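Biologist: I am new to this structure. Please take me through one part of it closely.

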Amino acid sequence: MARLAFDTGGTFTDFALIDDLGILHLHKVLSTPANPAAAVVQGVGELLVRPGVKSSKDNLQILGATTVVTNAVLERKGVETAFLTTDGFQDLLRIRTEGRYDLYDLKIAYPAPLVPRDCCFGIVERMAADGRAITPLDESSVGLIAAELRARGLTSVAVCLLHSYKFPEHEQKVGALLAAAGPELSVSLSSDVCPEIREYDRASTTVVNAYTRPLMTQHVERLEADLRKDGIVSRMLWMTSSGGVVPSATASRTPVRLIESGPAAGAVAAAEYARQVNEASVMSFDMGGTTAKLCLVPNGEPMIGGELEIARHERFHRGSGFPLKIQSIQMIEIGAGGGSIASRNRLGLLQVGPHSAGAVPGPACYGRGGARPTVTDADVLLGYIGADSFLGGEFQLDAGKARTAIAELAESLGVTPERCAWGIHDLVNGTMAEAATMHAADYGVDPSTLPVIAFGGAGPVHAYGVACKLNAKKVVCPAGAGVTSAVGLLIAPVAVDVSASLPMRLDRWDADAVRDVFARLEKDGREVVLQAEVNADGISYARTADLRYVGQGHEISVALPPLDFGADAFVDELFARFETNYAALFGRTVANSPVEAITWRLRASGPKGAPAKTATKTVRGSARDALKTHRPVYFDETQSFVTTPVYDYYALPQDVEIKGPAIVEQVESTIVVGPRGTAHVDARGNLIMHIQ
Amino acid sequence: MARQQIDFNDPITLQVLWNRLIFIADQADRALGRTAFSPVVRENHDYVTVLMDAKGRALAQCTWAIPVFITSLPMAAQHYFLPAFPPETLEPGDVLLTNDPLIGTGHLPDMVMITPIFHKGKLIGYSGSIAHMPDIGGRPYSPESTDIFEEGVRLPILKLYKAGKPTQEVFDIIGASVRLPREVLGDIESMVSANDVMARELVRFLEEYGLDDVEDLGTAIHSRSEAHMRQAISRWPAGEYSSEVTLDGYNSEVTLKCNVKVESGAIHVDYAGTSAQVLHAINVRKHYRYAHTVYALKCLLDPETPNNEGCMLPITDEAPMGSILNPRNTAAGNLRNLIGHVIPSLIFRALQGVVPDKVQGDSGGAPIWGVNCQGQNELGEQYGAAQNLHGGQGGRSTADGIDTLSFPSNCRITPAEMYELAVPALIECKELIPDSGGPGQFRGGLGQRLVFRNISSGQMNIYLASEHVKNPCFGVVGGKDGRAGHVLKNGEPVFAKGHIPLEPGARLTVELPGGGGWGDPANRSRELITEDIRLGLVTSECAKADYGYAAK
């Protein structure tokens, strides 16, 4: 069966197809934000009729990554939503955490809650922390609210009752009552969407789900209908934030899990590239126009974590947005990309970002009216990016404008333009390296041991500098970096994450209770995976628990030993694994302290998609054949411009080593090989750089 | 990487190196918060991490910080830790600790920890952290104490670790003195880890750049920040600006007065005329006072520069000995925040004519209210947890105050679900109070109501810290007062501070004050009033009374 993946992005919708013969085909069309399905239908149609593509419409698996959910929140274009909670807590969304994300700025602001105060309703009921129903559920109060919802035309509802993370009975009953009262209602229960302790985080997650759910449902239905018109009948699969794909029904029910759909697919692709170059653990580095994303991929799998934030008032200020507690690939987003604007701050120091020139007007060198110097302008001035070869030469850059913009800033700082440009480049690399270090340290990993997988328009330009700062010895710039997320979709397994909160001390172990929890989670997980037509024998289960010392408030994730280990041996092994992870993270353990599990997690997944057969690189000869020109390029090691060879990536022969300094130009990006680097292209077309 | 001579005054180099120091403090912040045991540390973030040079001057602090801690820490280091333990008495693996209010932050629950950092055999700096312990022995966290000895165990500056070996007696004394030994000792361990992280990372940083110490880098950071602060001050008209504010106090009202003297490049704040020190535990020590003086002025003058020693140098303050802002040595001060948190509002009030667009109204989060809940369960085990609560932020020149916001401190709240796991109480409601924001062109943020019920079978003891019950938050630039706070037990008003026994089934209601408004209410836009009414933040009755608003 052929597999076709699309990734709906802000500017382009990317496609990757593995056809019936196992050959990979790539495609790109302009996105259609008003109706994202249109670009998908267009691109699918164009790709299938392309000469050489062998794929029948009636046996085609379609996979998607989408920004529909994220954009609905960022642009506040979701549906009018109601929030139902335990009576007395209707202001939960407005009260937030009461902390401030910036200590000295008296003018801070937060995004207005997605549900305004007059759409928040209290249900008469109350569960205590131990599951006692202190106030039984007043069913008539639910009936009154349902009538009110109908009267006001509110059709999407988020329900979050106190302590429902562990005691969901009241919440489930409310769900049933609402369903009976109004079949038109779309109801999101917090105990389904996000069964995690801490009411504000859980409510916030559930509200985002409810706010976007009708849109996602409509998008899925529309796309499937439009494809059907073209004769394509496919059960679609959608990429979640945690790097697995789920069937349309699941995607429509819990769209909040698709918030990081595209970036997650990119991280999955990075893991595949790591496998191709025989590296177990890597740091993926995706740098685009406005942001960069870093992702630790240890032992071939991106790290999954449970904390995200969306719609920040100040995009790169942690704590200024809506918290989301969903399983997602752990990535760090840095507010610096090719379009980031460099300026002189109030202390007279160079600053890069957080403002971006975006695509319009863009960097000064785009010649579209941008006058402020950006990272891309610095990269042009330094000779890293060639003015004549940007986007394969289709887009002429104005190096003069880049220089003028930088020179003006340099003058205000009292330095030369070259020094200023290098400063911009270096400062951005420093920011990336610090974020990577922090991210790796979060998981107890030394970043200098990790090869850097660089993609995105600016990733390969900066990868050498970032790697040097990290003390990393190897950089990989993969082939097909322009459509990375679509490639990732083709590899991603069908996977669903389910969890349950059941606090249990390891010294008061209840093996039966744990078995029961996992029996339930397996049933739930299996159901979803089977819907995606995965063979029942092909399902695998990964079990983890969030553990902590009794009394702590934050947990660390620990993989569970096999359940049939025998109770005592199981607990001993689990304790040992916890202490090992804890020591790796925090440098010490806490003596004589009991340990407890809080949340139990299961990931049910099908087999991974088979990677495409890529054509073996057939270019032979010497590097000289790929030499396009020479140009002066600035390097920190020499503190000066050096005449540097510029190579055509596509003409580089396989396995022939080139020595830095060198520049290698691709269509979508440019690879900088510094004086301490040597590079070659492998059989799959990946460029591999070693740094001394 | 081998480096040529580093020019610390280069605008690019300095930015890169400085970023790294902040990053190191943030790494330590993460380590502390993730491993802490008590809700007050791990949920409320009542702690900081600060990196200091060899003279104890602040270089960088964690991004999510609390004003009082970040200033108190270097002051404690310079004036007390370094004289008590000069470099020749320290070796790698030593960790110094105290909770003496006179040295640290003005009350005993705050543990102040400093770890010397060695590089190439030389002491080149200190990593420091402060965290608020969930208990410190003595009278439970309450404003009722009448001298420092009632307030708990006091540790002079001592070596908690000597060359990496724990001083077991100290741990034992702490363990024996506090009600929640597991949480307290666990939190102290988290502080040790955080300091270790900073020490390790700073050394790594020095090696990477081939530096022997942080002296030149520190000088560059300090001099640039100081010059910038002086420049900002010079843009203000020279002169003296004064204000006063009346607070509820414990059992008699307290007046705070300030005179802000702006000169060329320097500001001196004199608190002469402020009330005398009082018997109960709301006296504010020097470090705590100064921290809030500096904080308020930095918000107005230079909110952007990452805080460090240089930002503080142009600012000085004083208060008469024996006043509530400079009490004598044995004065009680456990709840010094009830008075000290109002200092920024007092300074804003004094400067409302100088920088009207920068100041904000008095805030209902100043001070933090604390509901400290203590008792024993059926097994006789001690339980306890303190919840922080905040009223509304004062109105600003650009927008209404934010509802329920921590200011000037920066504590998050403990989620109700977490709090109810720690103590057998039920939070019956936690909701905004309509009409509580002080009217203004931009009104104050709303206060909140919390109802708290004892669902255990035994007596529960609440120790309450509150303010602005008799005297509401004031407005600025023509803005009006917010709604005052209220405290009720089973529906009846009770004394709003200190011990309130809560029998099984009894209810405590606390209503936090709304923030003061900014600007004349007559200038408030009709759209904002209509929106407030629609959202139920202001009733139509109050819209009419306060703004002369009539529905069309």
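How far apart do the C-alpha centres of domain 1 of chain B and domain 2 of chain B lie?

Modeller: This is a predicted model. The C-alpha centres of those two domains of chain B lie 33 Å apart. The domain assignment places domain 1 of chain B at 3–226 and domain 2 at 360–552. The two domains touch: 19 residues of domain 1 of chain B are in contact with 25 residues of domain 2 of chain B. On the domain 1 side of that contact, 11 residues are nonpolar, 3 are polar and 5 are charged.

Now to chain A, and a pair of helices. Helix H9 (residues 261–276) of chain A packs with helix H14 (residues 484–491) of chain A. Their axes are 7 Å apart, at an angle of about 70 degrees. That angle makes H9(A) roughly perpendicular to H14(A). From H9(A), the contact includes Gly262(A), Ala265(A) and Glu272(A).

Strands come next. Strand S4 (residues 60–65) of chain A is mostly covered, with 5 of its 6 residues buried. S4(A) runs parallel to strand S1 (residues 2–8) of chain A, and 6 bridges join the two. Within that pairing, Leu60(A) in S4(A) stands opposite Ala2(A). S4(A) also runs parallel to strand S11 (residues 237–239) of chain A, joined by 2 bridges. There, Gly64(A) has Trp238(A) in S11(A) as its bridge partner.

Key: Residues numbered from 1 in each chain as written. Chains lettered and ligands numbered in written order. Predicted model: local features only at pLDDT ≥ 70, side-chain atom pairs only at ≥ 80, totals over all residues. Buried ≥ 20, exposed ≤ 12 C-beta atoms within 10 Å, placed from the backbone. Helix = DSSP H or I, 4+ residues; strand = E, 2+ residues; numbered from the N terminus. Pairing = 2+ DSSP bridges. Domains from an automatic or database assignment. Contact = placed C-beta atoms within 7 Å. Nonpolar A, V, L, I, M, F, W, Y, C, P; charged D, E, K, R; others polar. Axes fitted to C-alpha atoms, helices over the stretch in contact; angles between N-to-C directions. Parallel < 35°, antiparallel > 145°, perpendicular 65-115°, else oblique.
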